[in-house]
Amino acid sequence: MNKSALEVQLECCFEVRMAAVVLCMDVGFAMSNSSPGEESPFEQAKKVMTMFVQRQVFAESKDEIALVLFGTDGTENALAQADQYQNITVHRHLMLPDFDLLEDIQSKIQPGSQHADVLDALVVCMDVIQQETVGKKFDKRHIEVFTDLSSPFSKDQLDVIIHNLKQSGISLQFFLPFPLGKEDGTGDRGDGNLRLDHHEPSFPQKGITEQQKEGIEVVKRVMISLEGEDGLDEIYSFSESLRQLCVFKKIERRSVPWPCQLTIGSHLSIKIVAYKSIIQEKIKKTWTVVDARTLKKEDIQKETVYCLNDDDETEVPKEDTIQGFRYGSDIVPFSKVDEEQMKYKLEGKCFSVLGFCRSSQVQRKFFMGNQVLKVFAAKDDEAAAVALSSLIHALDELNMVAIVRYAYDKRANLQVGVAFPHIKDAYECLVYIQLPFMEDLRQYMFSSLKNNKKYTPTEAQLNAVDALIDSMSLVKKDEEEDTIEDLFPTTKIPNPEFQRFFQCLLHRALYPQEPLPPIQQHILNMLDPPTEVTAKSQIALSEIKTLFPLTEAIKKKDQITAQDIFQDNHEEGPDSKKRKTEEGDIHFSISSMTEGSVTSVGSVNPAENFRVLVRQKNASFEEVSHQLISRIEQFLDTNETLYFMKSMDCIKAFREEAIQFSEEQRFNSFLKALQEKVKMKQLNHFWEIVVQDGITLISKDEASGSSVTAEEAKKFLALEEKPDEEAAIYEEGGDVDDLLDMI
């Protein structure tokens, strides 16, 4: 997918290190005219400008932007005198773009009741650039004009203006409410795949006025004089611009070289420099806690206190605390000295070849990590260039790869990775990708489908799946021209998460009191399959539906054996209690009671132990429940999800058996005490599991001996939330950006 001329121009004027850009907008009364049900050119121009600016804000650009309005009721510019350069206002001088500028465009810029000369406005923009770039180093000077060309203008100084634009090195773009017709040299170059919720331009080519036709000729003359015939490609329609700029611009990252020595054995060393080629981009987390009324960070003070887990919550000085590593139910203390001695010590940065192997031995499934490095010879080092080139070509010819020991610096975690040869017409390098250690692999055993005749597909089913895969190919090959087209180029698709985040952030900055808007349609469309692929796969999908019919799976009734029927019914107590026990858990049988001798609630299978003990009658329900509660508290003290799930099994078993043996009051008292413990120890994440599973107090509807109503049982699950102190988590790794941030 090639970039459009607009995107290329934007990269030229916005992505260089520093650019001075003046947005020149026509706000004259004619810009507010529109056909019924359509947006006016004024509103469309504001949308395009908003997109320009918001891309710059979220890309953290260093470019400076000014805003000049013409057609305003007043006049405010340095060139205004007598009857010259009237109704032209410099609304904002050159400075970094921010939310204030976006807010101005959204709400403060209003249509004027006058008209102004577009060429006079161009001269004012040139003056702003000339005066406000003095003493600053800008690589690009650029003016963007948004107008419908309806206002009268004078061509007397046109040649002088063109000459001064050339001499000053100022580039120019025009944005109009209508596309120039193809007979005029251009058409609408927008990408029709991006469907937006805006209307088409208000002025079709056949509906333009004589004044606008004259304006078009002047615009064409200016652009051709500046850029030749290519200058016509810098004239855009508003609708075209909205399609091409509907996504937020990505944050530009400066390439940071990583110099090192590539070593092979103890005698061969090559000076190299590595650059990140691919890295997982993350949203820059700049959230901070501020006062809700003043919105100032300094009005909030955070203080952390350490207290003992006793009745008095005795405060402990920070210097009297020590780190501990939780190992099972025990805590192993670790001092700072222990922590330093425990670390794997590195001498420094490292890129050392451990050996070589066939490229086929390094399977793609072993690639891991969050970055890919490209390794080049050190700049201006001929010996290093020759040595690295020899290594790259040797690996390529022998179809081999290098296994490398890599460390970013002495503070980083050590990695083992693979270095592939990568040879292109313009350059050659090694490509480094991290490989897993033993602990990183996950081994799973599954039964073979080949040996199961029940799951053997028919020839027709195999052919149908083959046809589906072929029809959904994302690569289009042209046999005649011998070209291959990527129908779904992921490297050209912006991250929808970022787009949605920036959309919401912008909306909240401009409209603080309004709810967040729905996800924009073009964001939803980003990850849809290409239309061509969807259309081609319909026949194959129909065939799949026919050959692989779906049938409703009906659950078979549990088979009841004699063992289930002849249960031990010799229990003392009223008939109601007997019925509860007998009609309860059918899966619980005499065989489960005779499997080993259960004498207490253990830690391996506490829930089943509890069920066995309450039926054996060797101990009272109260005594057995105390054992179970002790186990639950022990599991909760570990503060680990695995033990949380064991606790949940215990609580469920306690609740079920309490109902069976009319001990609902005992369970309800336990659950209330558990809730207090959760609040005190801030185990909110465990209580969320309790809420999700719906484990609440036993109500009157479930057991007649309970005093809790159904409504009270429902309300019980609500836990009063307490704000948690935010903890900053620092991870060591071979990520260049993260380590730079640490410095």
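**Exercise 1. Two helices, one crossing**

Is the crossing of H4 and H5 left-handed or right-handed? Work out the rest of the packing geometry too.

*Solution.* Keep in mind that you're looking at a predicted model.

Step 1: look at the handedness. H4 and H5 cross in a left-handed way.

Step 2: get the numbers. Two packed helices are described by the angle between their axes and the distance between the axes. For H4 and H5 the angle is about 25°, and the axes sit 11 Å apart.

Step 3: classify the pair. Angles under 35 degrees count as roughly parallel, so H4 is roughly parallel to H5.

Step 4: find who does the touching. H4 brings Leu119, Leu122, Val123, Met126 and Gln130, while H5 brings Leu158, Ile161, Asn164, Leu165 and Ser168.

**Exercise 2. Another helix pair**

Now do H10 (residues 459–471) and H14 (residues 538–547). What is the angle between them, and how far apart are their axes?

*Solution.* 

Step 1: H10 and H14 pack at an angle of about 155°, with the axes 9 Å apart.

Step 2: anything over 145 degrees counts as roughly antiparallel, so that is the label for H10 and H14.

Step 3: the crossing of H10 and H14 is left-handed.

Step 4: on the H10 side, pick out Ala460, Gln461, Ala464, Val465, Ala467, Leu468 and Ser471; across from them in H14 are Ala540, Leu541, Glu543, Ile544 and Leu547.

Step 5: by class, the contact between H10 and H14 has 9 nonpolar, 2 polar and 1 charged residues.

**Exercise 3. Two residues up close**

Are isoleucine 143 and asparagine 668 buried or exposed? Find the neighbours of both.

*Solution.* 

Step 1: isoleucine 143 is part of strand E4. Buried means under 20% relative accessible area, and isoleucine 143 comes in at 0%, so it is buried.

Step 2: isoleucine 143 and methionine 126 are 17 residues apart in sequence, with their C-alpha atoms 8.0 Å apart. Setting aside residues up to four places away, the contacts of isoleucine 143 include Val22, Cys24, Leu122, Met126, Ile129 and Leu172.

Step 3: asparagine 668 belongs to helix H21 (residues 664–681). Asparagine 668 has a relative accessible area of 2%, so it is buried.

Step 4: asparagine 668 and leucine 697 are 29 residues apart along the chain, and 5.4 Å separates their C-alpha atoms. Beyond residues up to four places away, asparagine 668 touches Leu697, Ile698, Ser706 and Val708.

**Exercise 4. Positive phi**

What is the phi of leucine 295, and what is that of serine 662?

*Solution.* 

Step 1: recall the background. Most residues other than glycine have a negative phi.

Step 2: leucine 295 has a positive phi near 60°. Leucine 295 sits in the loop between strands E8 (268–279) and E9 (306–307), and it is exposed at 64% relative accessible area.

Step 3: serine 662 has a positive phi of about 55°. Its place is the loop between helix H20 (641–660) and H21, and at 29% relative accessibility serine 662 is partly exposed.

**Exercise 5. Zooming out**

How many helices and strands does the protein have? How much of it is buried?

*Solution.* 

Step 1: count 24 helices and 19 strands.

Step 2: of the 743 residues, 39% are buried.

Step 3: among contacts with a separation of 6 or more, 72% link residues 24 or more positions apart.

Methods: Residues are numbered from 1 along each chain as its sequence is written. This is a predicted model: local features need pLDDT of at least 70, side-chain atom pairs count only at pLDDT 80 or more; totals for chains, interfaces and linings use all residues. Side-chain values use heavy atoms; hydrogens and water are left out. Axes are lines fitted to C-alpha atoms, for helices over the stretch in contact, and angles run from 0 to 180 degrees between N-to-C directions. Helices (H or I, at least four residues) and strands (E, at least two) are DSSP runs, numbered from the N terminus. Angles under 35 degrees count as roughly parallel, over 145 as roughly antiparallel, 65 to 115 as roughly perpendicular and the rest as oblique. A crossing is left-handed if the near helix is turned anticlockwise from the far one by less than a right angle, and right-handed if clockwise. Contact means heavy atoms within 4.5 Å. Ala, Val, Leu, Ile, Met, Phe, Trp, Tyr, Cys and Pro count as nonpolar, Asp, Glu, Lys and Arg as charged, and the others, Gly among them, as polar. Buried means under 20% relative accessible area, exposed over 50%, partly exposed in between (1.4 Å probe, protein chains only).
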